[in-house]
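Hello,

Please find the structure below.

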Amino acid sequence: MSDEIISPNEWISKAGGHLTKEDKVILPIRAILIPMHNASTSIERYEKEKDMPQTMDVAGKMQLIQNIGLNIRAADKAYFNEWSKTLISINIHNRDVIKLFGECNNCFQSSLSPNSLREFVSPELKTLSDQNNIKIIHAMDSGDMIKESDTHIVFEYYDKFLQLNLMYFPEIKSLPIRKCKECTS
């Protein structure tokens with residue numbers, strides 16, 4: 001067997017996927033496999049066709065950019081949703097953990113929400129996620145086109161997402177407590 005896993009844009013290797021000495025395949029978290037494959041395939045196609053302008057029209061280029069943005073967002077959401085769900089389910093009945101959040105289950109769940117985790121782990125990823133939503137995914141909701149000057153967002157978002165540990169969820173030593181609506185009143 002080869003000592004390298006072949007994937008579009010080599011995303012599996014970049015995410016930490018590898019083969020063991022026993023030729024066992026170790027892949028990133030399952031929830032991100034399909035959207036990352038789709039985004040990576042679109043990136044490869046975009047890179048290949050951008051050097052041959054006669055083969056890709058503006059609509060085709062924007063379709064690839066939007067596809068990358070949609071799939072990175074899907075992978076990002078799946079990763080953080082899964083991590084949040086895991087943390088909450090493991091700790092929901094642990095009174096010692098709940099005490100850390102002022103004895104409030106809502107504050108506990110709010111602090112461990114996917115958005116809270118994303119912002120805590122990588123504020124830059126959160127910013128890119130927001131920009132991707134506004135300037136790429138929802139650009140056409142208002143009848144606008146994706147601006148050429150905004151296409152870099154999907155590539156930065158993709159690269160930043162790949163910088164996370166996509167093999168496992170990272171350990172959290174501290175986390176800001178997010179107060180729920182009841183506790184902030």
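Lys 160 is buried, at 18% relative accessible area. Buried here means under 20%, exposed over 50%, and partly exposed in between (1.4 Å probe, protein chains only). Lys 160 pairs with Glu 124 in a salt bridge, with 3.2 Å between the closest N and O atoms. Glu 124 sits in helix 7 and Lys 160 in helix 8, so the pair ties together parts 36 residues apart in sequence. Glu 124 is partly exposed, at 46% relative accessibility. The salt bridge rule asks for a side-chain nitrogen of Lys or Arg within 4 Å of a carboxyl oxygen of Asp or Glu. Helices are DSSP runs (H or I, at least four residues), numbered from the N terminus; strands are runs of E, at least two.

Before you read on: this is a predicted model, where local features need pLDDT of at least 70 and side-chain atom pairs count only at pLDDT 80 or more, while totals for chains, interfaces and linings use all residues. Residues are numbered from 1 along each chain as its sequence is written, and side-chain values use heavy atoms, without hydrogens and water.

Other salt bridges

The count of salt bridges comes to nine. One of them joins Glu 82 and Lys 85, at 3.8 Å from N to O. Both residues lie in helix 3, three residues apart, about one turn of the helix. Glu 82 is partly exposed at 29% relative accessibility. Lys 85 is exposed at 53%. Glu 171 and Lys 173 form another salt bridge, with their closest N and O atoms 3.2 Å apart. Lys 173 is exposed, at 73% relative accessibility. Glu 171 is exposed too, at 64%.

Helix 7

Helix 7 (123-137) has 15 residues. From first C-alpha to last, helix 7 reaches 20 Å, close to the 21 Å expected at 1.5 Å a residue. The expected span is 1.5 Å times one less than the number of residues. Which residues of helix 7 are buried? They are Leu 125, Leu 128, Ser 129, Asn 132, Asn 133, Ile 136 and Ile 137. These buried residues pack against helix 3 (58-91), helix 6 (114-121) and helix 8. Contact means heavy atoms within 4.5 Å.

The core

The largest nonpolar core has 46 residues, and Met 36, Tyr 79 and Phe 161 touch the most other members. Such a core is a set of buried Ala, Val, Leu, Ile, Met, Phe, Trp, Tyr and Cys residues joined through side-chain atoms within 4.5 Å. Helix 3 gives the most to this core, with eleven residues. Leaving out residues up to four places away in sequence, Met 36 touches Trp 11, Ile 72, Ala 75, Tyr 158, Phe 161 and Leu 162.

The surface

Val 58, Met 140 and Met 145 make a nonpolar surface patch of about 290 Å². Patch residues have over 30% relative accessible area and no salt bridge; nonpolar side chains (Val, Leu, Ile, Met, Phe, Trp, Tyr) are joined within 5 Å, like charges within 9 Å. Areas come from the Shrake-Rupley method with a 1.4 Å probe, and for residues only the protein chains shown count as cover. Met 145 lies in the loop between helix 7 and helix 8 (152-162).

Backbone

Asn 9 is not a glycine, yet its phi is positive, near 55°. Glu 10 also has a positive phi, about 55°, without being a glycine. Glu 10 is in the segment before helix 1. Glu 10 is partly exposed, at 49% relative accessible area.

Best wishes
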